[in-house]
Amino acid sequence: MSHQKDFENVMNRIKNLTEYEVQITVPEDFQFEGPVPYDMSISGDTAWVKVIATSIEEATMKANEYFECKYK
């Protein structure tokens, strides 16, 4: 891929970013470690997480990755 095509792909992704709020069930063994990359509120075992992504599916995947401790 050319540098111009790479640039266009990045710009298109940026243009399509939206903030989504997704609801996630917090795993029982979850512990906060390191920086928290998202604005969120937690009540009981439910978290509402605001994620900037290109789709609700991507936002949900990113929030789940964080709670599965794959974000370190």
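Here is a short walk through this predicted model, from its sheet to its core and its aromatic rings.

Let's start with the strands. Three of them form an open sheet in the order β1-β3-β2, with antiparallel pairing. β1 and β2 (39-43) stand at the edges with a single partner strand each, so one side of each has no neighbour in the sheet. On average, neighbouring strands are turned by 20° against each other, direction ignored. If you look at where β2 and β3 meet, you will find five bridges in the antiparallel sense; serine 41, for example, has tryptophan 48 in β3 as its bridge partner.

α2 lies across β1, β2 and β3, and runs at about 50° to β1.

Next comes the nonpolar core. The largest one has 14 residues, and Val49, Val51 and Phe67 have the most contacts inside it. β1 (18-25), β3 (46-53) and α2 (56-67) are the elements that give two or more residues to this core.

Finally, turn to the rings. The structure holds five aromatic pairs. Phenylalanine 30 and phenylalanine 32 have ring centres 5.0 Å apart and planes at 80°, so they pair edge-to-face. Phenylalanine 30 counts as buried at 13% relative accessibility, whereas phenylalanine 32, at 48%, counts as partly exposed. Tyrosine 38 and tyrosine 66 also make an edge-to-face pair, with centres 6.3 Å apart and planes at 90°. Because tyrosine 38 lies in the loop between β1 and β2 and tyrosine 66 in helix α2, this pair ties together parts 28 residues apart in sequence. Phe30, Phe32, Tyr38, Tyr66 and Phe67 form one aromatic cluster.

Conventions: Residues are numbered from 1 along each chain as its sequence is written. This is a predicted model: local features need pLDDT of at least 70, side-chain atom pairs count only at pLDDT 80 or more; totals for chains, interfaces and linings use all residues. Side-chain values use heavy atoms; hydrogens and water are left out. A nonpolar core is a set of buried Ala, Val, Leu, Ile, Met, Phe, Trp, Tyr and Cys residues joined through side-chain atoms within 4.5 Å. Buried means under 20% relative accessible area, exposed over 50%, partly exposed in between (1.4 Å probe, protein chains only). Helices (H or I, at least four residues) and strands (E, at least two) are DSSP runs, numbered from the N terminus. Two strands pair if DSSP finds at least two bridges between them. Axes are lines fitted to C-alpha atoms, for helices over the stretch in contact, and angles run from 0 to 180 degrees between N-to-C directions. Contact means heavy atoms within 4.5 Å. Rings of Phe, Tyr and Trp (its six-membered ring) pair if their centres lie within 6.5 Å; planes under 30 degrees apart count as stacked, over 60 as edge-to-face and the rest as tilted.
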